[in-house]
Amino acid sequence: MAEKEKKEKKPGFFARIGQKFKNLKSESKKITWASKKATFKSFLVVVVGVIAIALVIGIVDLGLMSLFNLLAKYIDFGI
């Protein structure tokens, strides 16, 4: 005759939540933060990159706008 296998009892809701917080605390101790110098360098790279991209987009927009205005002078749209 086969014996009934005992199921392992699942920990309660609050025990699982408590374990999650313990894991969170231990993982948060492993975090290493960048130095102020490295953070400032990264910040400058981002700012310079954003300004460069904004300038490129602005120049392209200005050029296309000028081109369309020039074409609009010579083309009668019948409006």
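Modeller: Tyrosine 74 is exposed because its relative accessible area is 69%, where exposed means over 50%, buried under 20% and partly exposed in between, with a 1.4 Å probe and protein chains only. The model is predicted, so local features need pLDDT of at least 70 and side-chain atom pairs count only at pLDDT 80 or more, while totals for chains, interfaces and linings use all residues. Residues are numbered from 1 along each chain as its sequence is written, and side-chain values use heavy atoms, with hydrogens and water left out.

Tyrosine 74 lies in helix H2, residues 36-74. The chain has two helices and zero strands; these are DSSP runs numbered from the N terminus, helices being H or I of at least four residues and strands E of at least two.

Tyr74 also belongs to a nonpolar surface patch of about 900 Å², together with Val56, Val60, Leu64, Leu67, Phe68, Leu70, Leu71 and Ile75. Patch residues have over 30% relative accessible area and no salt bridge, and nonpolar side chains (Val, Leu, Ile, Met, Phe, Trp, Tyr) are joined within 5 Å. Areas come from the Shrake-Rupley method with a 1.4 Å probe; for residues, only the protein chains shown count as cover.

For the chain, the accessible surface is about 8500 Å², with 69% of this belonging to carbon and sulfur atoms. Buried residues account for 0% of its 79 residues.

A salt bridge requires a side-chain nitrogen of Lys or Arg within 4 Å of a carboxyl oxygen of Asp or Glu, and the count is one. Lysine 30 and glutamate 27 form a salt bridge, with 3.2 Å between the closest N and O atoms. Lysine 30 is exposed at 57% relative accessibility, whereas glutamate 27 is partly exposed at 45%.

Key
Patch = residues over 30% accessible without salt bridge, like charges linked within 9 Å, V, L, I, M, F, W, Y side chains within 5 Å.
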